[in-house]
Amino acid sequence: MGRRAPGWRAQQRKHLWGRRALLGGSVLALTVPLIWTVLASLAIKPDTGAWPPGWTFPPSAGSYVEVMNAVPGFPRVLATSLVLSITATLLTIGTAFLAAYSLARWRFRGKRVVVQGFLVLASLPAMAYVIPLSDFTREVHLRDTFAGVALASAAVFAPLAVYVLYGYLEQVPRALEEVARLEGAGLYHVMSRVVAPAVAPGLAATAVLVFVLNWNLFLVPTALTLRHMRTIPVALSDFYTYERELEWSNAAAALTLSLLPVAVLVVLAHRILERFSLSPTPGEPGG
Amino acid sequence: MTPRQHLLLLLPLAALLLPFLFWPAVFGLASSFTDYAPAERHLHVVGLQNYAATLENEDFRLAFRNVLVIVLVTVPAELGVGVAVAYSLRDRFRGRGLVRIILLVPWLLSPIAVGVMWHFLYGSVGMLSYLAAWLRLPAVPSPLALPGWALAAVIATEIWRKAPLASFLLLPGVLAVPSEQWEHAMLEGVPLGSRIRQVLLPPLRPLLFTVTLLLLGDTLGTFDSVLMMTGGGPGSETLTPALYSFQQAFKAYNWPIGVASAWLIVAAVLPLGLAYLALVRPGDA
């Protein structure tokens, strides 16, 4: 311990209180709107007609029943979203993992630019190419089909996945792979038995995040869908347009339903997500 | 591995990206110099006419000005809040894991859902009105419908949506800063500002660049949350270029203008991407 500057302890205390205020404020700012919404979905809404303002009671689950009937085909929309997001995530992670491994174990000039280029590609708004994309899928008869929407969604997030997985693969010690190779293991064997287990936490965390991104993707599904492949964001945007005066409880129930699957997933995967990093460094757990 | 194996492993990704990303992008760029539209039989090269028409359009200009304001306010705010919150999560304490997961909450909602949610929360059933009722103030109208206030409300929503995510993504970088260094600087009485500049930022730099680029790209493409909150209104006060492009292509079926305005967004993103490539040092990858 070095020499302490004067007022060190007071500064320390001020620091602690500042931190508590910042974190407390942030948690409130993040959770209150959400709690407000969940309460509204249960028909508990502010009643500002009298003073002091109260809340409407009793709670009811009627809005949830209503949503299932009011938004056309909502159960089907939920199922479409789920299957589509899982498929697109598997496609993204699968192709990105193979490509990232290839890049991570390949030495060539300009590799850094190629890897960083994937990040630049990931930052490109999908709006840039979605209009011709919808035309292209129509021409090859993939528009409004499961395969078309799944492939196009997978392509949106593949560059980001390559960048992140490359970071994880860079951290894997090569010695293990070389030992396996010397023992005569082929490429497939090395990848599935040695590399994949070594990056499993990073792979899982990336998959969870890509799943959430897919679940929430709006532009690609809406541009590629007429009727059949409506996902939750597409259905929400059709139904709850800003022009229409809609019932808040009803909308709140739809929002809660759309959040529920990803919220459950993230709670289940919280230990993996806590160790997620966009650019992992050596010595970090999960790398 | 042999070069052939390397290429073989890259093949699936290429098979996905070539038709579903690169081809539409290149084809879109090429078609923006023509009067191409899906139903059109004959194709005419029109040069820069689509771009000229887009740039002359009053709404589009306003949209570009709006997105510029949004970027200049939200991205620094998101990074600032992100670093500050990540920094306060540096030390272990009870409930830290929970706070970390709560940071993901706004991002778990789709931008569409966030738009619908804040459309209502700014209105008569939201927190502001409830607060006003407690204080016996007259009912406040939704800022989303108030000329002069709508853009500020949209900006607040965007910060709510993305600052916590920035914090979540920056946290590993903040945790990687050796805490002895920080404590040492604090014991020496180095003021907070220079402590941040000298101790925190250098190791955080690569991750900060990465997050900044992702935020910039995402913000320049802002449209789905705005679509649900205001639809670009009142007037065109909250219109963004991506929303304009979306409306032109999918609502007005004006493809050439839609594509040209989309490529004007790319023209704004690409220099940022190139600057990123130039700024990131070899050791940073």
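## Basis of the description

Helices (H or I, at least four residues) and strands (E, at least two) are DSSP runs, numbered from the N terminus. The model is predicted, and local features therefore need pLDDT of at least 70, side-chain atom pairs count only at pLDDT 80 or more, and totals for chains, interfaces and linings use all residues. Residues are numbered from 1 along each chain as its sequence is written, while chains are lettered from A and ligands numbered from 1 in the order in which they are written.

## Architecture of chain B

Of the 285 residues of chain B, 45% are buried (20 or more other C-beta atoms within 10 Å of the residue's own; exposed means 12 or fewer, partly exposed in between, with C-beta atoms placed from the backbone). Contacts require C-beta atoms, placed from the backbone, within 7 Å. Among the contacts in chain B between residues at least 6 apart in sequence, 69% join residues at least 24 apart.

## Interface between the chains

The interface brings 92 residues of chain B into contact with 86 residues of chain A. On the chain B side, helix α1 (residues 3-31) gives the most, with 16 residues. By class, this side of chain B has 69 nonpolar, 19 polar and four charged residues. Ala, Val, Leu, Ile, Met, Phe, Trp, Tyr, Cys and Pro count as nonpolar, Asp, Glu, Lys and Arg as charged, and the others, Gly among them, as polar.

## Domains of chain A

Chain A is divided into domain 1 (8-55) and domain 2 (72-274), with bounds from an automatic or database domain assignment. The centres of these two domains of chain A, taken over C-alpha atoms, are separated by 33 Å. Six residues from domain 1 and six residues from domain 2 of chain A form the contact.

Helix α6 (residues 146-171) of chain A is largely enclosed by the rest of the structure, because 22 of its 26 residues are buried. In α6(A), a kink of about 40 degrees lies at F157(A), shortly before the proline P159(A); the bend is the angle between axes fitted to the seven residues ending at a residue and the seven starting there.

H189(A) lies in helix α8 (residues 187-198) of chain A. H189(A) counts as partly exposed because it has 13 C-beta neighbours inside 10 Å.

Technical notes:
Two residues are in contact if their C-beta atoms, placed from the backbone, lie within 7 Å.
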